[in-house]
Amino acid sequence: KLLLIWLAFLAFFMVPYVVVIMKMQNIQPGDTSALWMFPFILVIIVFAFAITFFIIKLVIKNIALGDHSIEFHGSFGKFIGTVLLGYFLSIITLGIYMAWFMRDINRFFVNNSSYKSNAFTFRGKGGQLFVILLLTIFIPIIILSVFMAQAMVDQPNANPTMIMIQQVITWIIMIPYMYLVYKWMVNIDYKNYNISWETEFWSSCGKIAVEMILSIITFGIYLPLAWLRVYTYFAERTVAYSEEKEYGFGYDLDQLNDFLFLWGQILLTIVTLGIYYPWAICKSGSRILGKTYMIAK
């Protein structure tokens with residue numbers, strides 16, 4: 001089921017995107033013939049959103065708890081309308097509306113999903129996400145850009161050490177961003193329950209940092225296990241809470257076998273030049289969600 005969607009994504013997004021990027025590298029100052037590239041990029045990005053709709057819809061409808069599957073009721077037309085409006089408002093506000101655009105996308109998929117005829121409701125606020133993006137991305141990137149620009153003026157010939165420092169700082173910036181954005185996303189109501197994370201900032205960012213460092217120093221070999229350990233950490237800190245009852249979540253991690261399984265899926269994807277990717281996603285998702293559990297506290 002996912003294969004046709006994946007092939008459409010490769011043919012109508014990845015290939016045109018790579019071609020445009022290659023052509024942009026050859027643009028000379030004053031070359032007006034390349035102006036068509038920018039609206040073309042906007043078009044293929046909208047197409048990528050369209051493909052995302054069908055992928056997420058397929059994923060949601062194939063997640064089950066017990067004998068019941070999650071139902072999805074969102075229409076493609078409403079989704080594209082949400083994308084186009086959010087895209088337009090983000091452009092004319094120079095990116096300020098992006099937080100509310102992300103909220104609308106999350107709200108669309110969550111609010112149009114239901115389990116046993118009871119709908120989910122996304123509670124994340126656009127204003128809250130804007131503050132997160134401002135403090136974890138916009139301001140740090142501006143400061144980093146000013147610092148690097150000054151360094152380039154002082155040392156016109158960039159050396160490997162300066163480039164490495166920039167990369168390290170960028171990765172450090174991404175840690176609180178990833179944590180706070182995902183924490184913002186896990187804020188969902190179901191019936192009289194609220195599903196959210198019970199986490200602390202420093203310990204959570206420290207966990208992400210440790211797993212990231214281990215992935216870097218092993219040249220990516222450790223990465224699948226890093227992802228699993230982070231997933232396990234946050235699954236164990238996810239709760240569904242109501243005034244009457246509380247449920248906790250977790251993941252039954254088998255470090256060696258899960259690590260080898262994921263690497264097997266990655267290698268099969270590589271040797272088939274990406275054709276196997278839909279099966280890799282489905283088998284990995286089935287294994288991980290199949291070992292994720294919910295218990296009453």
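**View 1. S242 is a buried residue, with a relative accessible area of 3%.** Here, buried means under 20% relative accessible area, worked out with a 1.4 Å probe on protein chains only. This is a predicted model, in which local features need pLDDT of at least 70, side-chain atom pairs count only at pLDDT 80 or more, and totals for chains, interfaces and linings use all residues. Residues are numbered from 1 along each chain as its sequence is written, and side-chain values use heavy atoms, with hydrogens and water left out. Look for S242 in the loop between strand 8 (238-241) and strand 9 (246-251); strands are DSSP runs of E, at least two residues, and helices are runs of H or I, at least four, numbered from the N terminus. Leaving aside residues up to four places away in sequence, S242 touches N192 and Y193, where contact means heavy atoms within 4.5 Å.

**View 2. Helix 2 (residues 37-61) meets helix 3 (residues 76-92), their axes coming within 10 Å and crossing at roughly 140°.** The axes are lines fitted to C-alpha atoms over the stretch in contact, and angles run from 0 to 180 degrees between N-to-C directions. This crossing is right-handed, that is, the near helix is turned clockwise from the far one by less than a right angle. By class, that makes 14 nonpolar, no polar and no charged residues; Ala, Val, Leu, Ile, Met, Phe, Trp, Tyr, Cys and Pro count as nonpolar, Asp, Glu, Lys and Arg as charged, and the others, Gly among them, as polar.

Key:
Buried means under 20% relative accessible area, exposed over 50%, partly exposed in between (1.4 Å probe, protein chains only).
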